[in-house]
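Biologist: Could you put the model up and walk me through it?

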Amino acid sequence: MTTSLPDAAVHVRDLRKQYAVHEKEPGLLGSVKAFVNRKTTYVEAVKGVSFDLAPGEVVGFLGPNGAGKTTTLKMLSGLLHPSGGTAQVGGFEPRRREAAFLKRITLVMGQKQQLMWDLPALDSFLVNQAIYEIPEAEYQATMREFTEVLSLEGILKKQVRKLSLGERMKCELAAALLHRPRVLFLDEPTIGLDVNMQEAVREFVRDYNRRYGATVILTSHYMADVTALAERILVIDKGELVFDGDLARLAEQGSGGKTIKLQFRQPVGAAQLAGYGQLVSSDGLSAELNVPRAEVSPRAARLLADFEVADLTVEDPPIEAVMAELFGRSDRTDTVPAPEAAPA
Ligand SMILES: Nc1ncnc2c1ncn2[C@@H]1O[C@H](COP(=O)(O)OP(=O)(O)OP(=O)(O)O)[C@@H](O)[C@H]1O
């Protein structure tokens, strides 16, 4: 075991991963050519990422496809050896895959399953109980807890292949957390699930985090997962960390303003709202206006003075819109401040 910073559950410095890719042209001739003269190119999947996570912190790890999220999580869970830099998780060096380390972490990949397909989930749970040397009393207590929180009653004894996607994902989560890990790497845990099941998974993760003080890194393409669970967001793009901060500050990275939502006591026509902001919608008794950030207070004050307003709320733009804008920019790594450069 390596010594760690006592206050950091996860400590990452200048972490890098380069994949070697052997290129081959299609067909038999391509295979022969590749055999004789193999062409290798390198993909810089992670290019020097640094961050610390405090124990119990829940962090959303976002980025476009191919940004390096899964590669980072695989390095942190010891499945991949870094090409450079260092990582410590709970005081351990992941690449060593020490038994004590493996008992403290879990990696859940929504796209991959660990349950045995032809057997009931309960059999996989028993295998995990043996692998992780979970004492019987603890196993029974955890099973009771998970069965209740995840509503597993009635599905544990069914063949995994016969479970619905949502039922299977709940069993996957239970299996992956049976040993009560302290650090959770969750890679798209809600992918493909319907909204109710997504909510059930979120609730489970939230409950587990509170109950056990677990540290969680979560990647998801569903922003609702991230906004519901994580206060802090790390954004990776083309292998580089381009943002580290809270959701509100991420929303400010977009060039869009804020949305003022209004309810009126008397109908107000769209034409009357010209000059207060960019009209998003208006149906007489309610309206939405997009307003530059710096103008929010004076415009809200004017609206309140000029109309009979029953309710007025100011909202940040949806985080999806901000992310789409950031990743749509060609010079995005330059325009989004790196953690060190970001304003407090
Ligand atoms: N085994 C591999 N060999 C070669 N290149 C790889 C390998 N795994 C990933 N890559 C490449 O590394 C880059 C980062 O991939 P990674 O899977 O970490 O991204 P990601 O952010 O998780 O993306 P997604 O959101 O699409 O899952 C991509 O360009 C990908 O093509």
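Predicted model: local features only at pLDDT ≥ 70, side-chain atom pairs only at ≥ 80, totals over all residues.

Biologist: What is the mean pLDDT?

Modeller: The mean is 87, and 92% of the residues of the protein reach 70 or more; pLDDT is the predictor's confidence in each residue, from 0 to 100. Over residues 1–6 the value is below 50, and this stretch has 13 contacts in the model beyond near neighbours in sequence. Two residues are in contact if their C-beta atoms, placed from the backbone, lie within 7 Å. Residues 330–344 also stay under 50, with 18 contacts beyond four places in sequence.

Biologist: And what ipTM does the predictor give the complex?

Modeller: The ipTM is 0.97 and the pTM is 0.81.

Biologist: Which domains does the assignment give?

Modeller: Domain 1 covers 10–250 and domain 2 covers 256–330; the bounds come from an automatic or database domain assignment. Their C-alpha centres lie 39 Å apart.

Biologist: How many residues are in contact between domain 1 and domain 2?

Modeller: Eight residues of domain 1 are in contact with six of domain 2. On the domain 1 side, α8 (223–229) and α9 (247–253) each give two or more residues, and α9 has the largest share, with three. Helices (H or I, at least four residues) and strands (E, at least two) are DSSP runs, numbered from the N terminus.

Biologist: What classes of residue are on that domain 1 side?

Modeller: Six are nonpolar, one is polar and one is charged. Ala, Val, Leu, Ile, Met, Phe, Trp, Tyr, Cys and Pro count as nonpolar, Asp, Glu, Lys and Arg as charged, and the others, Gly among them, as polar.

Biologist: New topic. In what order do the strands of the four-strand sheet run?

Modeller: The order is β11-β12-β10-β13, in an open sheet with antiparallel pairing; two strands pair if DSSP finds at least two bridges between them. At the edges are β11 (278–282) and β13 (309–315), each pairing on one side only. Strands β10 (residues 258–264) and β12 (residues 286–291) pair over six bridges, and Lys261 stands opposite Glu288 in β12.

Biologist: Which strands does α10 lie across?

Modeller: Helix α10 (residues 296–306) lies across β10, β12 and β13, at about 170° to β13. Axes are lines fitted to C-alpha atoms, for helices over the stretch in contact, and angles run from 0 to 180 degrees between N-to-C directions.

Biologist: And the three-strand sheet, in what order?

Modeller: That open, antiparallel sheet runs β2-β1-β4. β1 and β4 pair over five bridges, and Val12 has Ala87 in β4 as its bridge partner. Helix α2 lies across β1, β2 and β4, at about 115° to β1.

Biologist: Which element gives the most to the shell around the ligand?

Modeller: That is α2, with three residues. The elements supplying at least two residues each are β1 (10–23), β2 (39–53) and α2 (69–76). The surrounding residues include Tyr19, Val43, Asn65 and Lys69, where near means a C-beta atom, placed from the backbone, within 6 Å. By class, the shell has five nonpolar, six polar and one charged residues.

Notes:
Residues numbered from 1 in each chain as written.
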